[in-house]
Each structure stands twice: as structure tokens, then as C-alpha cells.
Amino acid sequence: MIKLISFISFAFLTLASLAQEPRHYNFTHYTAESGLISYQVSVSLQDEDGYIWIGTNEGLQRYDGIRYKNFRHKENDPASLPSKSIRHMIKDKKKNLWLVTMDGKVGIFNTNTFTFHPATVKVKNEALLNAVSIPKKLITDEYGNVFLLLAQKELVTYNEEKNEFSSAHNFIKQQPEWGITDF
């Protein structure tokens with residue numbers, strides 16, 4: 001029994017001596033005074049170049065660690081964002097920055113030319129795209145497929161040749177009773 005207690009004590013002391021120092025993290029609170037265009041941030045991500053992309057209810061921002069670059073909807077400019085409120089965004093395997101706006105418009109924001117290229121979205125119920133209460137989410141898989149999910153209502157898959165999202169391109173046949181929220 002004494003040997004067992006000695007062994008446990010030795011093992012505990014050995015593990016305790018191998019413990020790492022706690023990591024210390026810096027935290028910076030960004031505000032409108034520092035350049036953030038809105039406190040209502042819906043989504044953010046960091047790309048492979050280190051830029052942080054921020055989707056807000058007032059537009060899209062790119063933060064380089066020092067300054068912000070703002071992108072908003074501009075009347076009579078079809079290459080600008082289609083509306084000001086960004087709901088969701090992802091980067092796909094081809095490094096495209098996909099955006100979904102609050103009113104259901106979907107497309108690729110070219111991070112080199114800063115232009116928006118819309119994709120057609122074909123769903124059974126067009127009202128779902130415009131409904132603010134229906135969560136809209138882009139998902140990409142390990143094969144590079146891009147999906148648009150209208151939570152618990154409909155799943156549509158992107159077809160690059162046709163530049164459209166449609167259930168006709170789904171390889172997952174959604175059953176009417178399925179209420180898909182994520183995958």
C-alpha cells in the first residue's frame with residue numbers, strides 16, 4: 001500500500017512539473033471610433049492573406065490589422081454589394097469569398113477587384129429568401145461543393161456552370177419531413 005501511494009505521489013508530482021505555463025492573450029476592443037462601421041456584426045472570418053473580413057448590418061469590412069476598408073451597397077453600381085446587411089459568409093476551396101445578404105441575395109465578392117458577382121438562387125418558396133426570420137447559411141464541404149441552407153426549410157447546391165443554387169443540383173435528396181438546420 002505504501003508503494004502504491006508513493007507511486008501515485010511520484011506520478012502526480014512528475015505530471016505537475018511538466019505542466020505548461022498558461023498562455024496569455026491580448027484583447028483589443030474595436031469600436032466605431034477605431035473604424036468599425038457597426039456594432040451589429042453577424043459574421044467574421046480571416047482569409048489566407050491574414051485579412052479579417054467582417055459582415056455587419058451596415059456592409060462588409062476588411063481589416064488588415066491597422067485600418068478598415070469598407071464596402072457598401074451603391075445605387076446604380078451592379079458590382080457593389082446588392083444590399084448593406086451581410087448575413088453570412090464563407091471561403092470556399094477556390095478561395096472565393098461567398099456572401100449572403102439579409103434579403104437573401106447570394107454571390108462571390110472578389111477580394112482583388114472588390115466587386116460582387118451574384119449567383120441565381122432557385123428555391124421552391126421565394127418568400128423564404130426575403131424572410132429576415134429564416135436563417136440563411138452557406139456551407140462548403142471537403143470536395144468544394146457550396147450549399148445554401150434556408151434553415152429547416154430548404155437546401156440548394158451551387159452549380160458553377162450555371163452560376164446558380166438549386167435543389168436540382170442537390171446530390172442529397174431532401175425529404176419533405178426533414179428540417180435540416182446544419183450539416
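Two residues are in contact when they have heavy atoms within 4.5 Å of each other. Leaving aside neighbours within four places in sequence, Trp 98 is in contact with His 88, Met 89, Ile 90, Asp 92, Val 106, Gly 107, Ile 108, Ala 119, Leu 138, Val 146, Tyr 158 and Phe 165.

Before going further, please keep in mind that this is a predicted model, in which local features need pLDDT of at least 70 and side-chain atom pairs count only at pLDDT 80 or more, while totals for chains, interfaces and linings use all residues. Residues are numbered from 1 along each chain as its sequence is written, and side-chain values use heavy atoms, with hydrogens and water left out.

Trp 98 brings us to the largest nonpolar core. A nonpolar core here is a set of buried Ala, Val, Leu, Ile, Met, Phe, Trp, Tyr and Cys residues joined through side-chain atoms within 4.5 Å. Buried means under 20% relative accessible area, exposed means over 50%, and partly exposed is in between (1.4 Å probe, protein chains only). The largest core has 18 residues, and those touching the most other members are Trp 98, Val 106, Leu 138, Leu 148 and Phe 165. At least two core residues come from each of strand E6 (97–101), strand E7 (106–110), strand E8 (115–122), helix H2 (127–130), strand E10 (146–150) and strand E11 (154–159). The biggest contribution is that of E10, with three residues. These labels are DSSP runs numbered from the N terminus, with helices (H or I) of at least four residues and strands (E) of at least two. Apart from this core lies another, of 12 residues, including Phe 71, Leu 97, Phe 109 and Phe 116. In soluble globular proteins, nonpolar side chains tend to be buried together.

Strand E8 also holds Thr 115, which counts as buried at 18% relative accessibility. Its side chain makes a polar contact with the side chain of His 117 (3.1 Å). Such a contact is a pair of N or O atoms within 3.5 Å; within protein, one must be able to donate a hydrogen and the other to accept it, and residues adjacent in sequence count only if both atoms are side-chain atoms.

Now to a sheet. Two strands pair if DSSP finds at least two bridges between them. Four strands form an open, antiparallel sheet in the order E1-E2-E3-E4. Strand E1 (41–46) and strand E4 (68–71) are at the edges with a single partner strand each, so one side of each has no neighbour in the sheet. E1 and strand E2 (residues 52–56) pair over five bridges, and Val 41 has Thr 56 in E2 as its bridge partner.

Finally, the charged pairs. A salt bridge is a side-chain nitrogen of Lys or Arg within 4 Å of a carboxyl oxygen of Asp or Glu, and the structure holds six of them. In one, Glu 48 and Lys 91 have their closest N and O atoms 3.7 Å apart. Glu 48 lies in the loop between E1 and E2 and Lys 91 in strand E5 (residues 86–91), so the pair ties together parts 43 residues apart in sequence. Glu 48 is partly exposed at 45% relative accessibility, whereas Lys 91 counts as buried at 18%. Another salt bridge joins the side chains of Glu 160 and Lys 94 (2.5 Å, N to O), and both of these residues are exposed.
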